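Visitor: I am new to reading protein models. Could you walk me through one, feature by feature?

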Amino acid sequence: MNKLSKKMEELGQHFEPGARFARWYPLYEAFDSFLFGSNTTTRNAPHVRDGIDLKRIMTTVLIALFPCVIMALWNTGYQANQAIASLGLAAPEGWRGAIMAGIGCDPASTFSNLAHGALYFLPIYVVTMVVGSIVEGIFNIIRGHEFSEAFLVTGLLYTLILPPTIPLWQVATGITFGLVFAKEVFGGVGRNFMNPALASRAFIYFAYPAQISGDAVWTAVDGVTGATPLGAAAAAAPGTPASAMGIDWLQMFIGNIPGSMGETSAIACLFGAVILLVTRVASWRIIVSMLIGGIIASVLLSFHNSPANALYSLPPYYHLVMGSFAFGMVFMATDPVSAAHTNTGQWLYGGLVGILCILIRVANPAYPEGTMLAIILGNVFAPLFDYFVLQANIKRRRLRHG
């Protein structure tokens, strides 16, 4: 590694300002930083000496996402293998069927489930990373900015919140829109006002709703439908108890249910939360306040016996493991760029997101999932919360000190 590092330093002379390839410095820096880390340090006082940098923060988030990735692979394959077995088929059609014919589509086999799930997960992830890297590369070269490890997290988050059956051209369209209009037009890394992964998914949802909603998109087998627990609850008759809706709390907690690939398992999100909280990468105030906000909203709505749908009567502990509430609470709402930064602002921000999530989910029969929109709305209000908190502190100090 020392020889490679020395070789990279020699090669870097050709990319320095005024050198022949200075324009392409962002590409060189991205490769060098990926291999060896960044040598950039704060040169002027005052500064804080700390061993953590952006690369280590993003690496920690990637490690925290690992349980969700494993669950995404297993559950995607499990749902597909289970559907194939119920249809009496040996393997699916197309190139995936040719591969799975040699492995076997056995829903009782962990390896078969992981392999089958990978055949859907990896193409989406590869398209996301290739297209996203090209988009970021173009902007970085034009501006002379360095590449950031933040996109590794954005690309993985975006993949995990998509259904396995989504067309790849829509994957490319969505990540392009999110990076350009929610990140790069505002200046790039650290300047986006909303989470780029959520902006990408929101664009696909409203532009191509047929491929990202309904009952036919969650199971990766043609012609097989499978409602998510939220979809089943929204379609149930008012007053129907949870046990009669065909949804099971333990299944939702574990994650062997239809849904977006990485959002189904609350226990996988719980493992990720522990990692992020222990390393202090995520704000515990946002997680706790969103949890409290969601519980308060679901309790208040449960007192209202609405004739609209059965979601009103669901107890709070069901809402916390349904849909993408847990995933959004741990990985999306805690985004350090688009979330509130002041302590009080984080309490207000997390509480607002939790309340809006349950309110949109329950009170809007056309959209039985509110996490995505709730976090995006929370991102919009986060700077306002910080502004009022800072102004209140300034006013308080003026009154105290004159």
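Visitor: Which side chains meet Lys183 and Glu136 in, say, a salt bridge, and how do I read such a pair?

Guide: A salt bridge is a side-chain nitrogen of Lys or Arg within 4 Å of a carboxyl oxygen of Asp or Glu. Here the side chains of Lys183 and Glu136 form one, at 2.4 Å from N to O. The pair joins distant parts of the chain, 47 residues apart: Lys183 sits in the loop between helix 7 and helix 8, and Glu136 in helix 5 (residues 110-143). Helices (H or I, at least four residues) and strands (E, at least two) are DSSP runs, numbered from the N terminus.

Visitor: Before we go on, what kind of model is this, and how are its residues numbered?

Guide: It is a predicted model, where local features need pLDDT of at least 70 and side-chain atom pairs count only at pLDDT 80 or more, while totals for chains, interfaces and linings use all residues. Residues are numbered from 1 along each chain as its sequence is written, and side-chain values use heavy atoms, with hydrogens and water left out.

Visitor: Are Lys183 and Glu136 buried or exposed?

Guide: Buried means under 20% relative accessible area, exposed over 50%, and partly exposed in between (1.4 Å probe, protein chains only). Both Lys183 and Glu136 are buried.

Visitor: How many salt bridges does the structure hold?

Guide: It holds three. Another one pairs Glu184 with Arg143, with the closest N and O atoms 2.9 Å apart. This pair also links distant parts of the chain, with Glu184 in the loop between helix 7 and helix 8 and Arg143 in helix 5, 41 residues apart. Glu184 counts as buried because its relative accessible area is 2%, whereas Arg143, at 32%, is partly exposed. There is also a salt bridge between Arg361 and Glu369, whose closest N and O atoms are 3.3 Å apart; Arg361 and Glu369 are buried.

Visitor: Where does helix 16 have a kink?

Guide: A bend at a residue is the angle between axes fitted to the seven residues ending there and the seven starting there. In helix 16 a kink of about 35° lies at Phe381, shortly before the proline Pro383. Among the buried residues of helix 16 are Gly378, Asn379 and Ala382. Their cover includes helix 8, helix 14 (325-332) and helix 15 (343-363).

Visitor: Which residues make the nonpolar surface patch?

Guide: Patches are made of residues with over 30% relative accessible area and no salt bridge: like charges are joined within 9 Å, nonpolar side chains (Val, Leu, Ile, Met, Phe, Trp, Tyr) within 5 Å. The patch here covers about 940 Å² and is made by Phe181, Val185, Phe186, Phe193, Leu377, Val380, Phe381, Leu384, Tyr387 and Phe388. Helix 16 (residues 371-401) gives the largest share, six residues. Phe193 lies in the loop between helix 7 (168-182) and helix 8 (196-207), and its 33% relative accessibility is why it counts as partly exposed.

Visitor: And what about the whole chain?

Guide: The chain has 16 helices and zero strands. Of its 402 residues, 50% count as buried.

Methods. Accessible areas come from the Shrake-Rupley method with a 1.4 Å probe; for residues, only the protein chains shown count as cover. Contact means heavy atoms within 4.5 Å.
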